[in-house]
Amino acid sequence: MESSASPFTEGSSRFINRELSWLDFNTRILAEARDTSIPLMERVKFLSITASNLDEFYMVRFASLKDQVNAGYKGVDIAGMTAIEQIEAINEYSQRFVEQQYNTYNRSFLPQLKKEGLKIVPRFEDLNEEQADYVDRYFTTEVYPVLTPMAVDSSRPFPLIRNNSLNIGALLQDKKDKNTVDFATVQVPSGLPRVVTIPTDEDGCTTVILLEQIIEKNIGRLFTGYKVLCATPYRIMRNADLPFDEDEAADLLVEIENKLRRRQWGEPISLEVETGTDKQLLKVLKHELPIREELIFRINGPIDLTFLMKIYGLDGFDRLKDKPYTPQQPKYLKPDVDLFEQIREHDVLLHHPYESFDPVVRFISKAARDDSVLAIKQTLYRVSSHSPIIASLAEAAENGKQVSVLVELKARFDEENNIVWAKKLEEAGCHVIYGLVGLKTHSKITLVVRREEDGIRRYVHLATGNYNDSTAKLYTDMGLFTCKRSFGEDATAVFNMLSGYSEPMGWNKLTLAPQWLRDKFIDLIEREIKTASKGKPARIIAKMNSLCDKEIIETLYKASAAGVSIDLIVRGICCLRAGVTGLSENIRVRSIVGTFLEHSRIFYFENNGNPEVYMGSADWMPRNLDKRVEILFPVDDPVLRADVIEILNIQLNDTKKARIMQPDGSYEKIDLRGKKAIGAQETFCALATSSARQ
C-alpha cells in the first residue's frame, strides 16, 4: 500500500493548508513517475510535469506569500498559518520533494533508459573522442553565433537575469593578472533545442546531451584571455504574479502588455544550482540576485527537468509509452446528420477526451458559414496556439455575422496568447470584450442565434473546460449542447451582462458567480441536511479540481454531522479533512491521477430520491465563487443525467489510480489484495470505443 508523506498531523486543525495540500498533490504525480507498473516513457512525462508544476507554484503561490511578508501582513490562512510559517513549511517540503525527483531521475530513469537504448549523457566529461569532436563542431556552427557572454567587473554591472531562464555562471582569472578574478554569465538560448542527439557510443544506444553541457564544455572559447576557474548552470525563479490596477487602466490590453514585460524581472524567489557549485561563485549569485540561503536548491543533476518532455517526444521509443488513444465519435451524435438538426431533436452530452472535441469545433465552423446564423457569442479563457475556433469566429465576422467574443486577458500565463487572438478577432470585425473589471471570466459558454422557419432559435454550448482543441485531448471535461428556450434565454442574459450592465430579473436554468453561485451551493447542501434530519436518504457527490472554500467546507462538515453521505472526487487541493471523528465521519475524499488530467466539475445531490445533477466551470474555491464569472448548469434530460451519474460512480469505483485521503491529510492508494483493479479512465476509453462501434 502506497502512501504520500504528509506534513499534517491528525487533529492539528479543522482545515488543511492550501499550499501544502497542493504540494501533496504534486507528490501524487511524482508517485506516478515512480510507479514501475507504468510504461517508462509515461513515467518520464510525469516527472517532467512535477517540475513544471513546481515552477508555476513558486512563481505564483510562493511569490504571493512573499508579497504578504514584504507587506507586513500578519493574518493567518484557513489552517491558522501565517505567511512566514507557510513559507518555512513549503521550503522544507519542497527541498525533500526535489531530492525525491532527482533520486528518481538518477537512480531509476538513467539506468532504465540506457537499458532500453537511450543514453542521456550525465557529464560532458563522459563523451568519447568522436562525440566530443561532434559536440565541439555543433557548438561552433549552431550555438556560438547565438550566445551573448556577459562579464561583470567595475565597468560592467551584474546583468538582469531573466525569470526561469537557464544560465551558466563562471569565475574567470585574467591570464595577465592572476590576482584578478571576475564573474561572467551566459544565458542558454531558449530558441535552440535543449536536447541534442549526438553519435552513439560503443553500446549503440541513441545518445543525447543537454545544450548547457555543450556550452559549459566550450565556455573557455567565450572568454579568450581568461582562464575559466569554474562554471556551473543556474536558474533563478522570480515573482510572476501580475497585479492589475484595472480601475486605473485606460486600456486593459495595454496595461497587461506592459505588466508582461515586467514578469521577467520580478523579485527573486528561488535559486537552483548544481550540487558542488564553487562556494565563491555561489557567493556572487547570492549577493547579486539577491537570494537567501534557505531559498537555494542544490540540484543533483540537470537543472529544470521539464526537458524530459522532449525526451518523451524522441522518435523510436513508442514501445515504452501507452498506446495512444483516439477520441471517439460522441455517443449522442451521428456524423452524417446535420448538427443543428440533432441538437433540435435532443440535448447532447459530450465527455472529453474519450469523445471527440470535433463537434464543438464544427459547431462554431458551421455557424460561421451558415446563412441562417445571425450571431455568435462566446467566452474564451484559454485557446490553442493555432485555434480553429478563433479562425471560425473571424470568418463569421467577415461573413457579416454579429460576433461577440469575451477574451479573458487575465488568464495566467496565457495573457500573451490571448492578446494576440484578441487583436486578430478585432481586425476581423468581431466585437471583443476584455473581461470585467475586478473579475476573471472563467465560464465556458457559446450562443449561436439562428433564423429558422418557425422563428429565431438559440443554440447553446456549455462546458466544464476551455475551448481549446489541444488540451481537449488531454483534459477530462464535460459539455452540453441544447436549444431549449430556457437555456437560450439565460445565455442571452449572460452575454448582455458581460457586454453591458444588464442584469436579468431572474434565471431559468443557469446560476452565475459571483452573485448567486455560492448561495446556490450552500442551499443545495442545506437541503440535503434537512432531508437527512428527517431520516430520509441524503447524499452528495462532488467532483472538482480543488476544494478550499471555508464556508463550503464548514457546511459539508455540518452535513456530515447530520448523516449526509458525502463523496468528494478532488484532483488537487483539498483543505477539508476527511474521516475525522466528530468532524467528518461521513465524508470520503479521493484524488485520481492518471493519463488524462481530471478537470470536469460535476455535482450530484440526492434530493430525497429525485436526484439533481449540475456541471460547471467553478471549483469550490473563494476565487471561483467570489472573484470570477462562472456558470453552473443543470443536466435536466433524464437519460443524460443517468449517464453523468454513471460517470461519477465509475470514478468512485476506481481502485487503480484513486488515492484516498486519510484523517491526517495524507493519501493512500487502495490495497488491491482481494480486489479487482479498476481504472476509471481506462473504463471510459473502453466505453467510448464500444459506443462508437455500435
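Predicted model: local features only at pLDDT ≥ 70, side-chain atom pairs only at ≥ 80, totals over all residues.
User: What is the closest cysteine sulfur to the sulfur of C575?
Analyst: That of C548, at 4.9 Å, too far for a bond.

User: Is C575 buried or exposed?
Analyst: Buried, at 0% relative accessibility. Buried means under 20% relative accessible area, exposed over 50%, partly exposed in between (1.4 Å probe, protein chains only).

User: Switching topic. Which residues touch the most other members of the largest nonpolar core?
Analyst: I311, L547, L556, L568, L576 and W620, out of 140 residues. A nonpolar core is a set of buried Ala, Val, Leu, Ile, Met, Phe, Trp, Tyr and Cys residues joined through side-chain atoms within 4.5 Å.

User: And which helix gives the most to this core?
Analyst: Helix 2 (residues 40–70), with 14 residues. Helices are DSSP runs (H or I, at least four residues), numbered from the N terminus.

User: What is L547 in contact with?
Analyst: Leaving aside neighbours within four places in sequence, the contacts of L547 include L556, L568, C575 and W620. Contact means heavy atoms within 4.5 Å.

User: What does the second core include?
Analyst: That separate core of 84 residues includes V432, L447, V448 and V629.

Key
Residues numbered from 1 in each chain as written. Heavy atoms only, no water. Helix = DSSP H or I, 4+ residues; strand = E, 2+ residues; numbered from the N terminus. Disulfide = S-S within 2.5 Å.
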